[in-house]
Amino acid sequence: MPTAIPADSVGLVSPQVAHFAEPLTLACGRTLADYQLIYETYGELNASRSNAVLICHALSGHHHAAGYHSEDDRKPGWWDSCIGPGKAIDTERFFVVSLNNLGGCNGSTGPSSTNPASGRPYGADFPVVTVEDWVHSQARLADRLGIAQWAAVVGGSLGGMQALQWTISYPERVRHCLAIASAPKLSAQNIAFNEVARQAILSDPEFHGGHFQEMGVIPKRGLMLARMVGHITYLSDDAMGTKFGRGLKSEKLNYDFNSVEFQVESYLRYQGEEFSGRFDANTYLLMTKALDYFDPAAANDDDLAKTFEVAKADFCVMSFTTDWRFSPERSREIVDALLAARKNVCYLEIDAPQGHDAFLIPNPRYLQAFRGYMNRIAV
Amino acid sequence: MRADLDIIQDWIPAGSRVLDLGCGNGELLAWLRDHKQVSGYGLEIDPDNIAACIDKGVNVIEQNLDLGLGNFASDSFDMVVMTQALQAVHYPDQLMKEMLRVGRQCIITFPNFGHWRCRWYLASKGRMPVSEFLPYTWYNTPNIHFCTFEDFERLCQESGARVLERLAVDRDHRHGWASRLWPNLLGEIGIYRVTGPTR
């Protein structure tokens, strides 16, 4: 943690756990008899319960979106730049709820949890969950917290997909939807990258058909490769060029395959290494599947505008110019459908060099628009 | 409200759906929403203007008019408005057709290059007019397609657009006897309401 907690931080926070005993039937047809969701809250719920904001996380995200868990934390939560007193999502005005999704590996029930049926970790037996399943589970968390309607549901990337799904699944329960650096469905190229990541994990000898936990090992190499390929898609060519260029680790080329020569290789390995130590391989598989399967228009003859007709929320859609994973064109598909469905919508295309990762990075125009939109939400 | 917007709002029926091309800070749409129950969207590319629209609660879409209105369905708006932007777009003729396709009616305002001051400047100095009202040099200006009232009405004819209403005003948006008498010489800004060929 920094020497003193910054004034615009939510400060020290502790996660809470909500246990659900009522069975949840999933899109795949299977049922989770029993599960728990870990979440954090920032700010205070007002008397009329009208100021609640739900944060939906992306592929590798979790419930810890803002503040610090302990004095020893090196870094704050993953969206601390946007959540806090006076920040875009102002915790002086809003009661913010951030959870770890079902299937996750940060405290919510997922593949590394114990399967009550067998007494052993679920591993590969954990059902495939979808964005819709997550939204249903989030609705139950809202019920538990006494929140009948969210002032806003907010998310970036895969989180944006959940925000969009909320307006379709529970139109009465969300007043504003902010979908940032998101897409209405994955492209073939997106799915292809996910498949490479999955194959990296599935083909690791330590994967053991997903039951590696019982064997006391982890498919570290596969997870590392999956993260490396994913990470490339989060950054723009320019961002990588600026950060690493063709810079070398050592003075000269080694003419072999064993050494880490280029800076970018070293960076990717470090990212992969770090990730494989903290993330569950089965969760990674699940998250990529949830991404691949997301396609709300499929149920409406691929008519996205018709899909959004039920929505009652106002929308704010933002994209970033150098994002090639979910490019501005993908956000414009969402916007055009909302225009055709005659919904209230604002759309911004933010000039940012960082690629897909830009939604996590403070950028003056992004933060100003984000704050501007949130400020106009009546509570 | 900006004087030209005050004139325009009078031409927009209460409760209608409006698309405002180059909506600026969202002043017109916000006023129409608050006073005439008008709904709609503004298209804009300037970041500060977009931020101002968001603050006002105006539906603003970051979209470059030079890329057309292909994302809007035909006849999806009662009125398409474009104030002081016709001279700044790359393809005024194509945009005009798009406006007539998307809206049942269109309101277009633009500076009149046939005004006597422009004519006098060009005639006497032999150089492109630069004034307080049109302060740019020819090589560094957003205004790349100046026209006169006559030119605009010719374009309307060629696009099959019918002029429903026209108003020539001075830079303070007053429409006195002079601009009524001889609009193409004495009017500085043209305000037109037009409709498409098939209507």
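Colleague: Let's start inside the protein: which residues line the largest cavity?

Modeller: Ten names to click on: A:L59, A:F193, A:N194, A:A197, A:V229, A:G230, A:Y234, A:Y284, A:T288 and A:R325. Keep in mind that this is a predicted model, where local features need pLDDT of at least 70 and side-chain atom pairs count only at pLDDT 80 or more, while totals for chains, interfaces and linings use all residues. Residues are numbered from 1 along each chain as its sequence is written, chains are lettered from A and ligands numbered from 1 in the order in which they are written, and side-chain values use heavy atoms, without hydrogens or water.

Colleague: What counts as a cavity, and what as a pocket?

Modeller: Both come from a 1 Å grid over the protein atoms alone: in a cavity a 1.4 Å probe fits but cannot get out, whereas a pocket is an open set of points with protein on both sides within 12 Å along at least five of seven lines. Lining residues have an atom within 4 Å of a point. Volume is the space filled by probe spheres set on the points, which are joined across faces, edges and corners. Here, the whole structure holds 2 cavities of 30 Å³ or more. The largest cavity takes up about 50 Å³.

Colleague: Which helices supply at least two residues each to the lining of the largest cavity?

Modeller: In chain A, helix 3 (188–202), helix 5 and helix 8 (281–293) do. Helices (H or I, at least four residues) and strands (E, at least two) are DSSP runs, numbered from the N terminus.

Colleague: And what lines the second largest cavity?

Modeller: That lining consists of A:Q189, A:N190, A:F193, A:N194, A:T233, A:W324 and A:R325, around a volume of about 40 Å³. Helix 3 of chain A gives the largest share of this lining, 4 residues.

Colleague: Now the open spaces. What volume does the largest pocket have?

Modeller: About 1400 Å³. It has 40 lining residues, and those nearest its centre are A:K75, A:W78, A:R227, A:R278 and A:L360. Helix 5 (220–234), helix 6 (237–243) and helix 7 (263–278) of chain A are the elements that give two or more residues to that lining. Helix 7 has the largest share, with 5 residues.

Colleague: How do I read the UniProt features? Where is the "binding site" placed?

Modeller: UniProt positions use the numbering used here, feature names are shortened, and annotations may be inferred rather than shown by experiment. The unreviewed entry in UniProt places "binding site" at A:R227 and A:D357. These span 131 residues in sequence, yet no two of their C-alpha atoms are more than 13.9 Å apart, so they gather at one spot. A:R227 and A:D357 both belong to the lining of the largest pocket, and A:R227 is part of helix 5 of chain A.

Colleague: Which residues does the "active site" annotation cover?

Modeller: According to UniProt (unreviewed entry), A:S157, A:D323 and A:H356. They too gather at one spot, because no two of their C-alpha atoms are more than 10.7 Å apart although they span 200 residues in sequence. You'll find A:S157 in the loop between strand 9 (152–156) and helix 2 (158–169) of chain A.

Colleague: What does UniProt list for residues 51–277 of chain A?

Modeller: The unreviewed entry has "domain: AB hydrolase-1" there. That span is 37% helix and 11% strand, and its end C-alpha atoms lie 37 Å apart.

Colleague: Over to chain B. Which residues are closest to the centre of the second largest pocket?

Modeller: The second largest pocket holds about 700 Å³ of space. B:T83, B:Q84, B:A85, B:Q87 and B:A88 are the closest to its centre, out of 36 lining residues. In chain B, helix 1 (3–9), helix 2 (27–36) and strand 2 (39–44) each supply at least two residues of the lining.

Colleague: Last one: how much area is buried between chain B and chain A?

Modeller: Buried area is the accessible area (1.4 Å probe) that two parts lose on being put together, summed over both. Here it comes to about 1500 Å², with carbon and sulfur atoms giving 51%. B:Y41, B:I54 and B:E62 supply 38% of what chain B buries against chain A, more than any other three residues.

Colleague: And how many salt bridges join chain B and chain A?

Modeller: A salt bridge needs a side-chain nitrogen of Lys or Arg within 4 Å of a carboxyl oxygen of Asp or Glu. The count between these chains is 1. A:R365 pairs with B:E62, their closest N and O atoms being 2.8 Å apart.
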